[in-house]
Amino acid sequence: MPAVLVKRMLIFCTVFCVLIVLAVNARAQIKPAQQALLKIKAQSDSMNKNFAAEKVHMQFDKPYYALGDTIWFKAWLINAPSLLLSAKSGLLHVEIATDSNKVIQQFLLPVSNGVTWGNIAINDKDYKAGTYIIRAYTNWMRNFGDKTFFYKRINITTTYEDAWLINSKVKQSLVNAKPNVQAVLQFKNLDNTAVVGKPVNLRVMSGKKALYKQVMDTDLYGSMDINFTPPQKTSDLYIIAESATKDKRSIIPLNLNNPANIDLQFMPEGGNLIAGLPSVIGFKAINENGNGSDVKGIVVDSKGQKIADFASTHKGMGSFILNGIRAGELYTAKINLPDRQTKTYLLPVVKATGLSLRIDNLLTSDSLKLTISAGDELLKRRETYFLLAKARGVVCYAAVLNFIDKRSTTRVLTKNLFPTGITRFILTTESGLALNERMVFIDHKDQLDIKLKTPVAGIATKDSVLMELAVTDNTTKPVLGNFALSVTDDALVNIDTLQGDNVFTDLLLSSELKGYVEQPGYYFGNTAESWRALDNLLLTQGWVNYDVPEKGITYKTETDYSFSGKLTNLFNKPITKAKITMLSLKPVIALDTVTNTKGQFKFWLPLLDTPAFIIKAARPGGKTINASITADEFKLPDFAAPVTPLQNPWYVNAGDTIAGYVKQNVGLKRLQERLPDGVRSLNEVVIKAKKVVKGSNNLNGPGNADLVFDEKDMEKAGKKSMLQFLEENVKGFRESAFLFPKNLPASIAERVLAFERRLTGLESNVPNNWFYIGSRPAVIKIDGVEFRDFNPATQPDDIREFLKSRSAEEIKGIEVNATSNYNTKYMIRWHDMPMEEPSYHEYAFIEITTRSGQGPASSATVGVYLHKPLPLSLPQQFYKPKYNVTDAPAVNENRSTINWEPNIITDAGGHATVKFNAASKPSTYTIITQGVDYNGNIGYKYQKISIGKSTSALK
């Protein structure tokens, strides 16, 4: 093992535990506390060694894409405490979801030595233009919560001429003492030409409610002015613009950001305001869109006397000092609004006693100054406290302290005790109860130095570009490492939209904090202003916990592409030495193994495009065993969409670069659809075969329903639960309160009540939840058997659990009979009221046909299990065109990503080479290089290169 690596591991495991006794009296009482603190440190080290968390960082070739484009990406899997490439997990899960959290695609990537890479084709079948979220995680990371996952928001633009580019300027003001909104909209076609003299249907919306409707014509510049008076209380205000021919429809958010609605929060350093102790107070102001908003104001006491001024310095954040804090006093912050009114906010309540933790962390200082103070009441108690400092989940510093004969103690700690990144100081009681917390950032300027150079001063268009990569650590020693490099054309890609989101800011800052970090690159500007802003960020934003959860480890590490399970008998006892066979029909594969003493078995899966395996348990003679196969299947986590500031759709205020990118892709689409001279285009004829569900109990006959999902549909859904499948694919399917019809004629009220009882299992006329399709209560039947027939005591909770516990691949098909075309036979057979009497509900009937055919009691076929894993996603080769002298300029000129190198490995001298061809048009390229070495160091480099210009090649 290299000496540097050994030293780094020692740093994170042992050396940085410095035990300091701050008190000088009562040493005999302190000694047991020292031992307790050492025990805490030892336990922390043991947990980090055996249960270290992982992080993922992904690099993409560019920040936005178009339909028909390809996303190229690289992922580094990192050990959280050491930042070394992780050797724990062998599989990485990558998913793409809509901004409403609907999963579009799932991918499973093999991880080797902590790295993987791949590509995602953005086809117009699975995707439409809009905003998407890419998330990545390992199964092991799920033990630490989904806030530890990697998230990236991307925009996908259209290549069809079914949208506008819209410039929007919105202003809110007072007109005759009433609020007024003025929106100036300019409409352009996707080729960036103005939409001149066209009628546009406009609707101003608040949520789902239409406030105003109007038809307006665009002027000579494609523009129009809209003025209206908003209601007193409004939320989610936007405009729907639709062409007269209804072939184009756009939603334009109206981001008013009323200053009166600013959310302003105050967070005392260390956690509390303590009477008699000065306090640094951080604050953060957020507007209605979730972005930081600059504020300025004063703090007054209960008598209205000003005691402090405050003003934000970056993204609505700042800090100030509050002196002379009095117990029982209420402090109020006041900010001035544009209409000359004032808005007030209460500061946190002052505590009569407690501890305060203050840390001075100057940019130019090589040490931290800690001041720990106690209130009057605590001074009398003579209690002992622990001070812990944790970086990346590792205890780097620990001390025992008390406040005998003095109110406060000050200590200066060298920053060399802590690694680069966030260090969290925690002041606790002896029992471990946290009293105060404070985060600081340590920056040793020890990131990797990445240099790129070309052998010539200038590069011509279509030239072959040979770039030399040289990487050293902060001591100028060359390093072995793994890197990725992207080259994009500035005419088509605006890299500034990344806003400093890179491997350095992600692993050391954003991934350590809860919530969204705006423009993380700003905090590393190496100026006094950016350093102060970074400290304010840590004062106001919570941390992500990478400690092992109290519930323990729930999710296993996925080390390889395999399938494992357990064979048990009817009494849930393991069956040993049983033969387990795994079969695949396409292609034909047959593998077998034997269960161990715990009834467990494991198969290593072959690489197939659409894997599907039948697992069978048999006795030595080949007869299927009457046993149950319990599989270690991966289940998709339940995600909450990450909270991020509201963003405009890609087509609103897109900017010239994105407009050029869209124009290029629309032109490419036109070129692809152009036919040779003399060839006529025929209208498309779509032939749809009728879907049939084999073995269905549909009263109308298999396949005769309003909606039919056959076996192929279910196999495509894979591991999704039936409940998730219905929610995503049956419009209007939902669970909501069931309300008994009111004002029924007395002659039939009792029979209708009995009818509703049959459906819901209710014993009285009270609201309850039930499943609906639109306004129709849904009757769910499994293999022709209704839940109520199977178990009269069944309630919605039981049906919900059944739908959640069965995956789509266990189902042959689903048929939805909701309209009178298909639900009549069901109503006649199922409805216990004469059909000539009026029906007070229209019902929908959902027929679910399982593979086992055993109805609501269905489970996996005895001794047989169907396993349909996600196929491993293997990367394709990035296409690099080669030019000849005679090549026409049009060849491969629609490249926004000029080059993508996902796996650059430097040699012992820190060197590597990259080669690609420049395009045929003069331009400036942006080069992003980032990665990690094998000692836990990280590096990022942003550079420009000029093509076909007289200026120097590399900037």
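# Charged and aromatic side chains

Reader: Which residue does the side chain of Lys-306 meet in a salt bridge?

Author: Asp-309. In this predicted model, the N to O distance between the two side chains is 3.3 Å.

Reader: Is Lys-306 buried, partly exposed or exposed?

Author: Lys-306 is partly exposed, because its relative accessible area is 47%. Asp-309 also has a relative accessibility of 47%, so Asp-309 counts as partly exposed.

Reader: How many salt bridges are there in the whole structure?

Author: A search of the whole structure gives 21. One of them joins Glu-512 to Lys-55, with 2.5 Å from N to O.

Reader: What does the pair Glu-512 and Lys-55 tie together?

Author: Parts of the chain that are 457 residues apart in sequence. Lys-55 belongs to strand β2, residues 54–60, while Glu-512 is in the loop between α4 (503–508) and α5 (528–540), which is why the pair bridges that separation.

Reader: Are Glu-512 and Lys-55 buried or exposed?

Author: Glu-512 is buried, and Lys-55 is buried too.

Reader: Ok, another one. What does Lys-390 pair with?

Author: Lys-390 forms a salt bridge with Asp-547, at 3.1 Å from N to O. This pair links distant parts of the chain, 157 residues apart. Lys-390 is in strand β28 (residues 384–391), and Asp-547 is in the loop between α5 and β36 (562–568).

Reader: Which category does Lys-390 fall in, buried or exposed?

Author: Lys-390 is buried, because its relative accessible area is 13% and the cut-off for buried is under 20%.

Reader: Switching to rings. How many aromatic pairs does the structure hold?

Author: 29. Among them is the pair of Tyr-137 and Phe-634, which is stacked. Their centres are 6.4 Å apart, with 25° between the planes.

Reader: Where in the chain are Tyr-137 and Phe-634?

Author: Tyr-137 is in strand β8 (residues 130–137). Phe-634 sits in the loop between β41 (628–631) and α6 (655–673). The two are 497 residues apart, so the pair links distant parts of the chain.

Reader: And what is the relative accessible area of Tyr-137?

Author: It is 0%, so Tyr-137 is buried. Phe-634 is buried as well, at 16%.

Reader: What kind of pair do Phe-441 and Phe-524 make?

Author: An edge-to-face pair, with 5.4 Å centre to centre and 70° between the planes. Phe-441 is in strand β32 (residues 434–442) and Phe-524 is in the loop between α4 and α5, 83 residues apart.

Reader: Is Phe-524 buried or partly exposed?

Author: Phe-524 counts as partly exposed, because its relative accessibility is 22%. Phe-441 is at 2%, so Phe-441 counts as buried.

Reader: Which residues form one aromatic cluster?

Author: Phe-266, Phe-283, Phe-310 and Phe-320.

Reader: Last topic. What does the charged end of Lys-88 sit over?

Author: The ring of Trp-140, at 4.5 Å from the ring centre.

Reader: And which ring does Arg-424 lie over?

Author: Arg-424 lies over the face of Trp-543, 3.5 Å from the centre of the ring.

How values were computed: Residues are numbered from 1 along each chain as its sequence is written. This is a predicted model: local features need pLDDT of at least 70, side-chain atom pairs count only at pLDDT 80 or more; totals for chains, interfaces and linings use all residues. Side-chain values use heavy atoms; hydrogens and water are left out. A salt bridge is a side-chain nitrogen of Lys or Arg within 4 Å of a carboxyl oxygen of Asp or Glu. Helices (H or I, at least four residues) and strands (E, at least two) are DSSP runs, numbered from the N terminus. Buried means under 20% relative accessible area, exposed over 50%, partly exposed in between (1.4 Å probe, protein chains only). Rings of Phe, Tyr and Trp (its six-membered ring) pair if their centres lie within 6.5 Å; planes under 30 degrees apart count as stacked, over 60 as edge-to-face and the rest as tilted. A charge sits over a ring if NZ of Lys or CZ of Arg is within 6 Å of the ring centre and within 35 degrees of the ring normal.
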